[in-house]
Amino acid sequence: MIAAARPQAGPTKLLFVDARGDMRHVKSSALANLMRAGDIVVANDAATLPASLHGTHAPSGAPIEIRLAARRSFDEALRFTAVLFGAGDHRTRTEDRPPPAPIAPGDRLLLGPLIATVEGTLGHRRLIALRFEGAPDAVWAGIAHHGKPVQYAHVPEPLALWDVWTKIAGPPVAFEPPSAGFVLDWSMLAALRSRGVAFATLTHAASLSSTGDLELDRRLPFDELYHIPRATAAAINRAKAEGGRVVAIGTTVVRALEAASAFGIVRAGSGIATGRICPSTRLATVDVILSGVHTPGESHYELLRAFTSDAILRRAADVLEAHDYRSHEFGDLVLIERAADHRSAHPSTTSIPAAQLSVCNPMPGQAPPGRMTEAISCAKPSVSSRVTRASARAAP
Amino acid sequence: MESKTTTDLSGLRVAVTGGTSGLGLALVRALTGRGARVAFVARTAAAVDRIARETGAAGIVGDVGVKDDIYPLALQITGRLGGLDVLINSASSLGPVPLAALGDTACEDLEQALAVNLVGPFRLTKALLGALAASAREGKGAVVLNVSSDAAVNAYANWGAYGASKAALRHLSAIWNEELVGEGVRFLSVDPGDMDTPLHALAVPDADPMTLKRPDASADELIAAIAGALPAMKAAKVVGAF
């Protein structure tokens, strides 16, 4: 697969995989034409923080980069979970970066105009809880002026905030862009409206997609905060009741909606998406997903397996390869309808909270290195994996 | 008549540019006084700090006339407020000071007026449009108020840079309002009148302040116009008489 190396590098392609597994190529700008009256398109309106902050580990004087990765609540502006990197920057592949100096609780990190105090490590020496010192105005100003968007070696040129904000970006709570949303623009929203297709947004704090560390990558995606406005939940429930399809723009929307689904209804409000979506997940709410182009083994690809069969996904992968579709966050797209016979419409699906159904955990020892080849296996949670998840959430 | 309003703005999230001087400052005071959650923008750190302390609003240092400031401003506004219901583009540049006939206006002064009065509001609105549209979808409505001038409509000698930029902003507002009616984002262009402000003193140094409007009176009128454009406010909360 070709990695898209620049934002907005020409028009994006879209492969539409319907419920029968039939496929066709369309221009992504024609996405609205694939929707039907009564459908509802749901997108993640999180704006992306400049979550990469370079500076110095005060006790050792060693260079350090932190990548903000999670927050405990949307109201908590000063405390974050962060992943640490040693010297260097995004132009070096994350897995080749030198480790940071050893970190201890109470250590201070000098990050341009910002000072952060390490509150503790979270089960891994590169995963910490930190607190910024100072008033909220000063901390936000520091992040706004010193922070850079998190980026990876496949995009060497520095990204600006306008590269990583979607047109619909609102609250700055994502740590990497909800990139399927790059396809949306105001004329597409008008086109949807004129076709009788509803549009709604939720806010999901998309976290990091890679840390470069085998053990940490197995814990991805980190627990992610989401908020579903009342109007959004009502519009989705109304569309479903009237036979419309729920179309998720991106995997983060699937995570949020499935975490918030219970008894066949999407609940409004804030929550934390903890589970993975994977082949054994019975989707309670989402019927169609728009996603970037992912390869087998990635957690995003595993999520697609909840929508359709491996045979169809394999055929789609061949078509994507043959037609030079570009992967990564600025690349091309796939739109996948949930296959009619694929773990859907199970009689019990609507009466059991989704969270109890979609228990998927990484299996230790099965993840090969690298951002593109993360292997995830869905399994019943063992006691040890439960402990791991709990410690990932723990914050002092 | 003296405007006295009891408009309750509790929970309304408002951003104001040019918030440390003149009309912008009057707006920050009036909005915070009525319970709105306000973030304001201005160029001078000391003034921002002073007004933030005085009003409890979130103070943000930046220049809407500078391209690279726009996204950091949008980030801080939505970061501090958690979203946005109302954007007031109040920061303005006169262009040449003292005012000059167009033939005597430096190109750079015209560019500066356009950067602050037209391109800046355009950029900032674009960066905040996602947050505003989300507020509209949630039923709270969304308003962008662009502060205009009678110089946007009438041809006054020596007001070329300012007048042309404000005329363009006025038309931009009208077109944007047409385009986003389906999203529920309303655009208002309001002429606040000739006020006793530092900007006016720069333009007309010998004006008698007694003949000029007080900026807080204009602020009340702008807030009433905004409330009238918000579905949640229009129905019940506006009690003031104008």
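Of the 396 residues in chain A, 51% are buried; a residue counts as buried if 20 or more other C-beta atoms, placed from the backbone, lie within 10 Å of its own. This is a predicted model, in which local features need pLDDT of at least 70 and side-chain atom pairs count only at pLDDT 80 or more, while totals for chains, interfaces and linings use all residues. Residues are numbered from 1 along each chain as its sequence is written, and chains are lettered from A in the order in which they are written.

Chain A has 10 helices and 21 strands, taken as DSSP runs (H or I of at least four residues for helices, E of at least two for strands) and numbered from the N terminus. Helix α6(A), residues 251-259, is mostly covered, with 9 of its 9 residues buried. Among them are V253(A), V254(A) and L257(A), and also R255(A) and E258(A). Of the chain A contacts with a separation of 6 or more, 74% join residues 24 or more positions apart; a contact requires C-beta atoms, placed from the backbone, within 7 Å.

An open sheet of 9 strands in chain A runs in the order β3-β2-β21-β19-β15-β4-β13-β14-β18, with mixed pairing. Two strands pair if DSSP finds at least two bridges between them. β3 (23-27) and β18 (269-273) of chain A are the edge strands; each has a single partner, so one side of each lacks a neighbour in the sheet. On average, neighbouring strands of this sheet are turned by 25° against each other, direction ignored.

The contact between the chains takes 24 residues from chain A and 22 residues from chain B. On the chain A side, α1, α2 (161-164), α3 (186-194) and β13 (198-204) each supply at least two residues, and α1(A) gives the most, with 6 residues.

Helix α1(A) (residues 136-146) and helix α3(B) (residues 67-81) have axes that come within 9 Å and cross at roughly 145°. The axes are lines fitted to C-alpha atoms over the stretch in contact, with angles from 0 to 180 degrees between N-to-C directions. Residues including W140(A) and H145(A) meet a set in α3(B) that includes L75(B) and R80(B).

The table gives the residue classes (nonpolar: Ala, Val, Leu, Ile, Met, Phe, Trp, Tyr, Cys and Pro; charged: Asp, Glu, Lys and Arg; polar: the others, Gly among them).

| Contact of α1(A) with α3(B) | 6 residues | 3 residues | 1 residue |

Terms used: Contact = placed C-beta atoms within 7 Å. Buried ≥ 20, exposed ≤ 12 C-beta atoms within 10 Å, placed from the backbone.
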